[in-house]
Amino acid sequence: MAGAQRVTSRNARFQQWEALLGNRKKRNQLGRFLVQGVRPISLAVEYGWPVTTLLYDDRRKLSGWARELLRTVPAERVALAPELLADLGEKAEGAPEVVAVVELPADDLERIGTGPDFLGVLFDRPAGPGNIGSVIRSADAFGAHGVIVSGHAADVYDPKSVRATTGSLFSLPTVRVPSPAEVMAWVERRRAAGCPLVLVGTDEKGDADVHAFDFTQPVLLLVGNETSGLSSTWRELCDATVSIPMAGAASSLNAANAATAVLYEASRQRITAGRRGR
């Protein structure tokens with residue numbers, strides 16, 4: 001493409017992009033992360049996320065999608081050697097058509113809007129980026145308004161997390177916070193503004209069966225770390241805890257599956273309540 005830069009060696013510029021794959025500190029310092037895949041890139045553009053650079057191979061025949069992307073998105077275009085693009089794409093075989101470099105959004109809880117139908121998810125100290133991505137995807141699918149990732153955790157913008165969201169990251173506000181203090185200050189502001197947020201934790205010994213709890217009220221669902229569950233601080237802050245009925249030999253679900261099950265129940269209750277109200 002006319003006017004595009006070309007990078008054919010592992011120079012300093014390429015090493016900077018490569019660092020975005022596995023170096024959280026570098027992502028935060030540069031304020032950038034990599035997006036791989038047709039759907040995630042398309043949704044990033046659709047929802048107005050600032051794309052700074054589009055990386056592609058100008059020596060291959062590109063699809064109509066890739067040509068349109070390069071024609072319409074106001075971003076720097078850099079042609080990479082196929083082997084370099086393959087490294088950034090992390091595909092098992094071959095190179096992707098395009099990899100996008102996208103700006104990190106602010107970690108501002110005010111990005112998450114609240115109202116009488118609010119449903120949000122807080123993931124406490126998740127260890128696996130894939131689980132973060134799965135929770136974001138489920139939250140988006142079942143009508144949540146935002147996701148909060150709290151404490152020392154895997155990174156929302158790790159490529160494994162971004163891929164696992166299948167693009168939902170770009171339509172659903174997701175905010176990283178260092179501790180419960182920031183979240184509770186936000187919760188109190190929301191409550192003072194007239195949104196009676198209820199904090200509901202998932203626990204195998206919950207106060208109530210998930211089906212018996214009223215999820216039609218404004219709810220922030222708290223999901224614990226994959227191995228240790230919710231921290232003692234979050235347990236104390238919960239207004240209620242719910243458990244998921246289990247059958248067979250299983251004693252619990254992993255964090256992402258548990259979040260999905262509760263979000264489905266919340267969505268089911270809300271849909272049913274809406275039908276009754278008509």
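Me: How many helices and strands does the secondary structure of the protein chain come to?

Reply: This is a predicted model, and in it the secondary structure of the protein chain comes to ten helices and twelve strands.

Me: What makes the radius of gyration of the protein chain agree or disagree with that of a compact globule?

Reply: A compact globule with 278 residues would have a radius of gyration near 19 Å, and because the protein chain has 21 Å, the two agree. Along its principal axes, the C-alpha trace spans about 60 × 40 × 40 Å.

Me: Where does Val99 lie, and which residues is Val99 in contact with, leaving aside its neighbours within four places in sequence?

Reply: Val99 lies in strand 5, which covers residues 98–103. Once neighbours within four places in sequence are left aside, Val99 is in contact with Leu34, Val35, Ile41, Thr53, Leu54, Leu55, Leu85, Leu88 and Gly89. Gln29, which is 70 residues from Val99 in sequence, is 20 Å from Val99 in space, C-alpha to C-alpha.

Me: What makes the link between the side chains of Thr52 and Thr53 a polar contact?

Reply: The cut-off for such a pair of N or O atoms is within 3.5 Å, and the contact that joins the side chains of Thr52 and Thr53 is given as 3.5 Å. Thr52 itself lies in strand 3, residues 51–56, and, apart from neighbours within four places in sequence, Thr52 is in contact with Arg32, Ala75, Glu76, Val101 and Glu103.

Me: How do you know that Asn11 caps the N-terminal end of helix 1, and which residues of helix 1 are buried?

Reply: For the cap, a side-chain oxygen of Asn11 lies 3.2 Å from the backbone nitrogen of Arg13, and a polar contact needs such a pair within 3.5 Å. Helix 1 itself runs over residues 12–22, and its buried residues are Phe14, Trp17, Ala19, Leu20 and Leu21.

Me: What share of the contacts with a separation of 6 or more joins residues 24 or more positions apart?

Reply: In the protein chain, such residues account for 75% of those contacts.

Methods. Residues are numbered from 1 along each chain as its sequence is written. This is a predicted model: local features need pLDDT of at least 70, side-chain atom pairs count only at pLDDT 80 or more; totals for chains, interfaces and linings use all residues. Side-chain values use heavy atoms; hydrogens and water are left out. Helices (H or I, at least four residues) and strands (E, at least two) are DSSP runs, numbered from the N terminus. A polar contact is a pair of N or O atoms within 3.5 Å; within protein, one must be able to donate a hydrogen and the other to accept it, and residues adjacent in sequence count only if both atoms are side-chain atoms. Contact means heavy atoms within 4.5 Å. The radius of gyration is taken over C-alpha atoms; the globule rule is 2.2 Å times the number of residues to the power 0.38. Buried means under 20% relative accessible area, exposed over 50%, partly exposed in between (1.4 Å probe, protein chains only).
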